[in-house]
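Dear colleague,

Please find below the structure that I promised to hand over. My notes on what was found in it follow directly after.

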Amino acid sequence: MIQVTDVAKWYGSIRAVENISFSLAPGEIVGFVGPNGAGKSTVLKMLATYLLPTSGKITIDGLDAVSHPLSIRRKIGYLSGDTPLYQAMRVDKFLRFCGKARGLSGNVLKKNLAWVVDICGLSPHLYKRIDQCSTGFRQRIGVGAALIHDPPILLLDEPTHGFDPLQVLAFRDLIQSLSENRIILFSSHIIPEVSTLSDRLLIIHQGNLLADGRIDNLAEKTGQPRDLEAIFIHLVRQEN
Amino acid sequence: MSDRLRPKDFARGIGVIFAREINAYVDTPIAYIYASVFLILSCSTFMNAFFLKGALDMAPYFDLLPYFLILFIPAITMRAWAEEYSQHTIELLMTMPLISIQIVIGKYLSALVFYLTALLGTSPIVLMLLFLGDPDLGLIFSSYLGALCLGSFFLSFGLFASGLTRNQIVAYVIAVLLGFVFVLSGHEKVVEILDGLAPAYHIGNLLYESLSVVPHYSAFTRGIIALPAVLYFFFLSAFFLWMNNRSLKRDRE
């Protein structure tokens, strides 16, 4: 269970996000929608314990993100929007490194590595250097690295960036297959993608959470058709 | 679930980072280039002085070593953090269940092993001296120990400099400048000039005694393994590693 209460983040005098509150439960696939610079990545970075909130509280399974970052990191698989990968490393070595850094070893590491290679479709270029792989493939490596310890919570920042349409479809299937008993929160600024992938939506704009709910509920609340793009534009115009 | 790490897990995390960093050195040709340039420059300078002086010792090598290290060590350390920031892999590292000091120590130890490997490249000089006669092995040993202490210290502030910026060149320049401050503040002429600027305060002497690596390092090259010198290098290295760790924590805020 993720609980975010009144969270704000300021970079010096610049406000990134404010008054962000929501909770997420296992089994939910939640899409985090907003234009570039809306604050999606900042919220995900705080959930991943990379950034500390300036104010407010984040708890994950009852653990405070500020005082228990290590325990929380063990529960989380995080893919940053920049897809951070060691370009000079071989794909298999990189995944092994991520597994070891997350405390895996021996047969568990071997098993998880095989699982991740299988579900992310990494076998064609497993022994290639990462910088020799395509953008879409690198993104899959990043997803694999986030999954290597089989975490109960997945935070994915723009996970389909660089994917071709077929890869997006494969990713959708992957996310669906992973969703049981897992919290999956992913961000995107591509609205159709979010509406097809997620059960629930968080809409953020200029650092404020504008809406939180299922698309049907949001359509009802805003008086818009059951179309995420229309709902999104309506909410943003209202905010402006 | 506790956030406290058991000593075994603490060491394990350092080991994982250490192994990755060592592989990064091995995998990149630039590291071999740095090490080769360092060895060629330092050894050729030694050979020149050796033939001119005609003495069976390594003093010419160890006397010049601090000046070579000013340029060589920042080349090793400049990528350590700057590259993590520029490639955003810092986010990957800092969201793993590791505490930042484990990452700092892992990176530091790997850089130290790389430096020691480069230093070991000078062992043919020792073999040559042994072949030619009967050099003072105790003096050579203490000088190597001094080189180890000096290099360890340079690596610590090199890492710290790398953590301050995303740009490797800027990291290199900061570390070189720090190196110059620590070495040149022990140079006789610099001490004289600084003392001359404000004779009442003896700034040159003050810096020589309190800041410079030269008096501590030169004790080793004279065959003296003195505890204060070892402690000086140990505590200053620890200080810069702690500062490096602080700067990482500051980035989360």
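**Where chains A and B meet**

The contact takes 24 residues from chain A and 20 residues from chain B, where two residues are in contact if their C-beta atoms, placed from the backbone, lie within 7 Å. On the side of chain B that touches chain A, the elements that give two or more residues are helix H1 (7–27) and helix H4 (89–94) of chain B; helices here are DSSP runs of H or I with at least four residues, numbered from the N terminus. The residues of that side divide into nine nonpolar, five polar and six charged, with Asp, Glu, Lys and Arg counted as charged, Ala, Val, Leu, Ile, Met, Phe, Trp, Tyr, Cys and Pro as nonpolar, and the others, Gly among them, as polar.

Please keep in mind that this is a predicted model, in which local features need pLDDT of at least 70 and side-chain atom pairs count only at pLDDT 80 or more, while totals for chains, interfaces and linings use all residues. Residues are numbered from 1 along each chain as its sequence is written, and chains are lettered from A and ligands numbered from 1 in the order in which they are written.

**Helix H11 of chain B**

Which residues of helix H11 (residues 214–221) of chain B are buried? They are Val214(B), His216(B), Tyr217(B), Phe220(B) and Thr221(B), buried meaning that 20 or more other C-beta atoms lie within 10 Å of a residue's own, with C-beta atoms placed from the backbone. Seen down the axis of H11(B), these buried residues fall within an arc of 165°, so they line one face of the helix, the arc being that of the directions from the helix axis to the C-beta atoms. The buried residues of H11(B) pack against H3, helix H7 (137–162), H8 and helix H12 (227–252) of chain B. Just after H11(B), Gly223(B) takes a positive phi of about 95°.

Best wishes

Technical notes: Buried ≥ 20, exposed ≤ 12 C-beta atoms within 10 Å, placed from the backbone.
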